[in-house]
2 protein chains.
Amino acid sequence: MRIEIICTGDEVLTGKIVNTNFSTMSQKLEDFGLSVRWGTIVGDDRQTLLAAFRLAAGRVDAVIVNGGLGPTIDDLSQEVAAEAVGVDLVLNEAWLARMEEFFQRRSRVMPPNNRKQAMLPAGAEVLDNPIGTACGFALDIGGARFFFTPGVPRELNRMLEEQIIPRLLALSGVTAVIHLKRFHSYGLGESHIDALLAGVEDLVPDGSVKLGFRAHYPEIETKLTVRGTDIADVHRKLAPVEQEVRKRLGNFILAEDGQTLEGVVLAALAERGGSLAVVETFTAGHIAARLAHLPGAEKLFCRGIVARDLIQLQDALGLPADFASAALTAAAAELVARAAWRQSGATHALAVLIDLDEGADRIDLGGSIYVGIATEREAVSRRARIVGGREWVRLGAAELGLDCLRRYLHGLPVHQRIDFEKV
Amino acid sequence: MRIEIICTGDEVLTGKIVNTNFSTMSQKLEDFGLSVRWGTIVGDDRQTLLAAFRLAAGRVDAVIVNGGLGPTIDDLSQEVAAEAVGVDLVLNEAWLARMEEFFQRRSRVMPPNNRKQAMLPAGAEVLDNPIGTACGFALDIGGARFFFTPGVPRELNRMLEEQIIPRLLALSGVTAVIHLKRFHSYGLGESHIDALLAGVEDLVPDGSVKLGFRAHYPEIETKLTVRGTDIADVHRKLAPVEQEVRKRLGNFILAEDGQTLEGVVLAALAERGGSLAVVETFTAGHIAARLAHLPGAEKLFCRGIVARDLIQLQDALGLPADFASAALTAAAAELVARAAWRQSGATHALAVLIDLDEGADRIDLGGSIYVGIATEREAVSRRARIVGGREWVRLGAAELGLDCLRRYLHGLPVHQRIDFEKV
């Protein structure tokens, strides 16, 4: 099935807002084996919208139109849809009642111009929006089925998952259940993962498991899309592939599905009644900022210390007087972690110290990273060198530090060479 | 002049990467008074690309094609452009020499498939790319001028600014010099700024100054686009408007043009030989992470302390034993700032303490924010309440804290009511 996405709105067209709705929609459709063939971006202009609808109607089977369902004068989607089909706009009494109730529950009176949101092209099918006042709808224009969606991301995402994807799958003749399994990893490049996972799809010979990747440095997401007759069939097919992926990527898998590295670290600490102190230099608060604001971190995250200067670090942690004048080493990172452990009373302390190359930012600017972890029982450390400019080093070091802590908490080797490391 | 942008590439079409190139291009063209009328997104598919080029050639005057100039088999822009015009691809010897030199300077041998990047449609005009191997080019397809650009953002941006925008301005008959002046503010909503600045454009009666906004919470950017016969004319026209904007937005302007709030704060500290310590709770390292990694912050940023729990904070700063059991107040923020000032030896200490509402995240979850600033001379504070969910409070509090420090360093009132504040 050929699908087009039309994003509407002057704010998107003029670049005032980045069009994340397009990538979110396209990615989500891909996850269900549906491919977008064409994307169109147009402003809040009647003639252009009509031209865009007509072009799409002539070249694809299904169209998702995003935006233009609001209450204001420049929200034109319903009007232009009606014009494209050659029907009138009709008041949808049921949606009007829903909107009035929506405002009542918030102790507000519905402004008169919201009534416009209940005017739908005659014959349109309503697509429910349980969390907003914009009414989604579907209708045929020419040979294509059009789905009209709100611009607010969370309303769009819910409508896409609950209303549109099932209809698209039905239209494309797919009766299967489709399930997406995700693995998040750090330390292996995309082509390396691709090579490591060669052939895993073939563990299910009927082609119902598809492998894909999404890289967002420093992490890479490995995705398995599985089709089955029902959810039991999906799980039966997924089980051996899932197991094989875990075996081949091993310690590099840091989280699965909706989990995050920082969430996994906090959960591992919570499980053992642990707590954490973090010491940072050039990552500059970035590690703390990933962990410490999360719900539940109030008691688990004891303390974070940021210093760029080693004398300040020496002073903040009461380190020996010669600390700042010596070169950074893995042993120094252990010393710092031990001091933070003692000072904070946390069960675990993580120190990430960075010796950044001198000079202006450039693609071959690197940093030597020293990670130390201390507990009551011991201190461990790891050194790595990452090259790729200030931001690349900063993001990589924060990820490396958190990943070392995850490995330590899970009893895995803290030191395992990664692809981003330079000798 | 009608302009279309065609973004090409499977990674963009499938949503694997967010299409920031589109918004960057569109925004930059808007800044020069050039408006994009239509956006198209297509994959690395010969037939679709050809169809997209032909459609664009029929409906606009100029087209920017982004992506597809790489060395691999799925980079099709040159080939499809040649096909659309009905000419052959010809080796551009000059560009080939440039590429060979590019590799030599990096002590590498040019791989044979890079040669493909020097094959251009016969008659195409070269658009220089001084920082990459992808050769930009321009040619006419039908009635429209097409500009082909690389997908790598920094190469695209440079080519757009240096090569394409001047050509588009010339094509559209603009002989004027166009200049963009930007003001960054925090604390005033977009409609409030719009009202405050009513009529400033009319200070230059010939319509050559245009006002615009771009909101990216918590900051809002106010933009003045000025046209003049030459740069002297631009500055003459801009001067009174610029002065009026500064007068009307006053203390709320936190930075101009390429400056950032954190850069302004660091510069103000550096100017007086000062230094900084920061104490954070729910902002969780976010304030430190904005400042401390910047070039030059090594000596200015003394120390950052993060704690979510008041007992930890009490312990980390050696505060009185009843600190953690008392309610947060502005006085408590002053106390914390004083302690951090003493402990760190910095000339200035900033404390941002947050009392976050209980319960799950929701749109009406708020936080009471207590900002304290301490120096040798005094301690000052400010309280604010922000409502809008965890992320909204966290980002707003970090901005509020940094902005209070900017105001203090510049001798402006630290306490001035902002639009995002609830009573």
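A salt bridge here is a side-chain nitrogen of Lys or Arg within 4 Å of a carboxyl oxygen of Asp or Glu. With that in hand, and keeping in mind that this is a predicted model, look at chain A: Lys181(A), Glu242(A), Arg246(A), Glu256(A) and Asp257(A) are linked in a network of such contacts. Over all chains, the count comes to 72 salt bridges.

Some of these pairs cross between chains. Glu190(B) forms a salt bridge with Lys16(A), and their closest N and O atoms are 3.4 Å apart. Glu190(B) sits in helix 7 of chain B, while Lys16(A) belongs to the loop between helix 1 and helix 2 of chain A, so the pair joins two chains. Arg308(B) and Glu298(A) also meet in a salt bridge, at 3.6 Å from N to O. This pair runs from the loop between strand 14 and helix 12 of chain B to helix 11 of chain A. Arg308(B) is buried, with a relative accessible area of 14%, whereas Glu298(A) is partly exposed at 31%.

Back within chain A, Glu378(A) pairs with Arg377(A) at 3.5 Å between the closest N and O atoms. Here Glu378(A) is partly exposed, at 26%, and Arg377(A) is exposed, at 67%.

Which residues line the largest cavity? Among them are Tyr186(B), Arg382(B), Asp403(B) and Gln416(B). Helix 14 of chain B supplies the largest share of this lining, four residues. By type, the lining divides into five nonpolar, one polar and three charged residues.

Note on methods
Residues numbered from 1 in each chain as written. Chains lettered and ligands numbered in written order. Predicted model: local features only at pLDDT ≥ 70, side-chain atom pairs only at ≥ 80, totals over all residues. Heavy atoms only, no water. 1 Å grid on protein atoms, 1.4 Å probe; cavity = no way out; pocket = protein on both sides within 12 Å on 5 of 7 lines; lining within 4 Å. Nonpolar A, V, L, I, M, F, W, Y, C, P; charged D, E, K, R; others polar. Buried < 20%, exposed > 50% of the residue type's maximum accessible area, 1.4 Å probe, protein only.
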